[in-house]
Amino acid sequence: LIASKWDIQHVLRLMVSSATFRQSSNGSPEDYATDPENRLLSRGPRFRMGAEMLRDNALAISGLLVDKVGGPSVKPYQPAGQWKEVTYDSDSEYHPDSGESLYRRSLYTFWKRQSPPPNMLVFDATTRETCSVQRSRTNTPLQALVLMNDPVFVEASRKFAERLMSLPNSDSAMRVQLGFRMATARSATADEVAILRDIFNTQFAEFAQKRDSAESLLDVGDSERDKSFDTAELAAWTTVASIILSLDETITRQ
């Protein structure tokens, strides 16, 4: 837009004539013949996952997700004082659960209509005060902040990093490749590997000088941290894991 001297018509024409805009979600005859029920997900529209799916996806990739079926509702992380602001009962307090209850599927999250889970509202979950035929899907900067800063995503990034560091005889390139495949179902390109390795090296050097910052990052969440890993290295890989979990490809259903 700037290069065209703010020519709006030029930018709109460029967008609608791009390969991305013009591509179709329809499958080829070969796709329909080999996969008539789309069990291989060979065709279909791309859109961001729903709020519940995003949380469950991050927990699954990190290894934290609890697959237990059924049982009472659970209370995952929420900002302190959330309930007090919207209820008449001044003594009303939200007390997060502990243990495996923190990592149950989002389906089991306790839902207070006056105060729905804020991280789900950011990703267009409904308040459940009225019937909703179809959810809207938005993309906002606040969603990126949630993916990078919400305790459940920070904790998932740490556990994801521990999974990558647990690989025997692995170097940074191998860890990046595995992380990409686990999150996006594809291998990273050479440029992507180089970028993430550079980020790791930069973060590792910084956390090595600021051990307190590394400790603060790794202390987020209720799950136990693997103390056998170097603090600065684990914090650096947690940053890389957070980037991978925040990728458009990771949070988009394709």
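What share of the 254 residues of the protein counts as buried? I find that 38% do, where buried means under 20% relative accessible area, exposed over 50% and partly exposed in between, with a 1.4 Å probe and protein chains only.

**Entry 1: ground rules.** I am working on a predicted model, in which local features need pLDDT of at least 70 and side-chain atom pairs count only at pLDDT 80 or more, while totals for chains, interfaces and linings use all residues. I number residues from 1 along each chain as its sequence is written, and side-chain values use heavy atoms, with hydrogens and water left out.

**Entry 2: overall.** I looked up the secondary structure and got twelve helices and two strands; helices (H or I, at least four residues) and strands (E, at least two) are DSSP runs, numbered from the N terminus. From the N terminus on, I read the elements as α-α-α-β-α-α-α-α-α-α-α-α-α-β. The C-alpha trace spans about 55 × 50 × 50 Å along its principal axes.

**Entry 3: helix 4.** I checked the length of helix 4, residues 51-62. The expected span is 1.5 Å times one less than the number of residues, so the twelve residues should span 16 Å, and the end C-alpha atoms, 17 Å apart, agree with that. How many of the twelve residues of helix 4 are buried? I count nine, and the helix is mostly covered. The buried ones are A51, E52, L54, R55, D56, A58, L59, I61 and S62. The cover over them includes strand 1 (47-48), helix 5 (118-122), helix 7, helix 8 (172-184), helix 11 (231-245) and helix 12 (248-251). After helix 4 comes G63, with a positive phi near 90°.

**Entry 4: A51.** I then took A51, in helix 4. At a relative accessible area of 3%, A51 is buried. Leaving aside neighbours within four places in sequence, A51 is in contact with M120, F123, A125 and R135. I also looked at I251, which is 200 residues from A51 in sequence and 9.9 Å from it in space, C-alpha to C-alpha.

**Entry 5: D150.** I found D150 in the loop between helix 6 (141-149) and helix 7 (151-165). A polar atom of the D150 side chain does lie 3.0 Å from the backbone nitrogen of V152. Not counting residues up to four places away in sequence, D150 touches N119 and L145.

**Entry 6: positive phi.** Most residues other than glycine have a negative phi. I noted W6, not a glycine, with a positive phi of about 65°. W6 lies in the segment before helix 1 (8-16) and counts as exposed at 56% relative accessibility. I also noted A185, not a glycine, with a positive phi of about 65°. A185 lies in the loop between helix 8 and helix 9 (190-209) and is exposed, with a relative accessible area of 72%.

Terms used. A polar contact is a pair of N or O atoms within 3.5 Å; within protein, one must be able to donate a hydrogen and the other to accept it, and residues adjacent in sequence count only if both atoms are side-chain atoms. Contact means heavy atoms within 4.5 Å.
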